[in-house]
Amino acid sequence: MSSDKSTEINEVEDLYQDIKTISRFTLIYCQGNHGAGEGLCPECRDLLSYAQKRRRLCPLDPKPACKNCSIHCYKPEYREKIRRVMRYAGKRFYKLALQHN
Ligand SMILES: [Zn+2]
């Protein structure tokens, strides 16, 4: 077993990548649904900080995609919200990406 540095770095990058994605998606969702303008409404800010905390505390290594996870560490109320965010923002996000091509 070689525990080299590159694995650690990848984990940190994954973590940042995930958190960045969650932030971006939450923003798209909030602006489309709550119309708070710049930034997030209090509800979405709360959801985002919750999601980031859960992501950072994930005990699984390697971490599976959250939807394939067996733990389901989210509280049901947050899980429902984040699911809605992902579904909404995911669609918008890919549409935007396509328009830019
Ligand atoms: Zn919002």
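**View 1. Helix α3 in the predicted model.** In this predicted model, helix α3 covers residues 76-99, a run of 24 residues. From its first C-alpha to its last, the helix reaches 35 Å, close to the 34 Å expected at 1.5 Å a residue. Four residues of α3 are listed as buried, namely Lys81, Ile82, Val85 and Ala89. An α-helix has 3.6 residues a turn, so residues three or four places apart point the same way.

**View 2. The chain as a whole.** The chain contains three helices and zero strands. Along the sequence, these elements follow the pattern α-α-α. The chain has 101 residues, and 15% of them count as buried. Among the contacts in the chain with a separation of 6 or more, 60% are accounted for by residues 24 or more positions apart.

**View 3. The largest nonpolar core.** Twelve residues form the largest nonpolar core of the model. Its members include Ile22, Phe25, Tyr29 and Cys30, together with Leu40, Cys44, Leu47, Leu48 and Ala51. Ile82, Val85 and Ala89 also belong to this core. The elements that contribute two or more residues to the core are α1 (5-33), α2 (42-57) and α3. In soluble globular proteins, nonpolar side chains tend to be buried together.

**View 4. The surroundings of Leu40.** Leu40 is one of the residues of the largest nonpolar core. Leaving aside residues up to four places away in sequence, Leu40 touches Thr26, Leu27, Cys30, Arg45 and Leu48.

**View 5. The crossing of α2 and α3.** The axes of α2 and α3 come within 11 Å and cross at roughly 105°. Because angles of 65 to 115 degrees count as roughly perpendicular, α2 is described as roughly perpendicular to α3. The contact of α2 with α3 comprises, by class, five nonpolar, no polar and one charged residues. On the α2 side, Leu47, Tyr50 and Ala51 take part, and they meet Tyr78, Lys81 and Ile82 in α3.

View 6. Asp46 is located in helix α2. Asp46 counts as partly exposed because it has 13 C-beta neighbours inside 10 Å. Asp46 and Tyr78 are 32 residues apart in sequence, yet their C-alpha atoms are 9.7 Å apart in space. Tyr50 also has its place in helix α2. With 16 other C-beta atoms within 10 Å, Tyr50 is therefore partly exposed. The C-alpha atoms of Tyr50 and Lys75 are separated by 9.7 Å, and the two residues lie 25 residues apart along the chain.

How values were computed: Residues are numbered from 1 along each chain as its sequence is written. This is a predicted model: local features need pLDDT of at least 70, side-chain atom pairs count only at pLDDT 80 or more; totals for chains, interfaces and linings use all residues. The expected span of a helix is 1.5 Å times one less than its number of residues. A residue is buried if 20 or more other C-beta atoms lie within 10 Å of its own, exposed if 12 or fewer, and partly exposed in between; C-beta atoms are placed from the backbone. A nonpolar core is a set of buried Ala, Val, Leu, Ile, Met, Phe, Trp, Tyr and Cys residues joined through C-beta atoms within 7 Å. Two residues are in contact if their C-beta atoms, placed from the backbone, lie within 7 Å. Axes are lines fitted to C-alpha atoms, for helices over the stretch in contact, and angles run from 0 to 180 degrees between N-to-C directions. Angles under 35 degrees count as roughly parallel, over 145 as roughly antiparallel, 65 to 115 as roughly perpendicular and the rest as oblique. Ala, Val, Leu, Ile, Met, Phe, Trp, Tyr, Cys and Pro count as nonpolar, Asp, Glu, Lys and Arg as charged, and the others, Gly among them, as polar.
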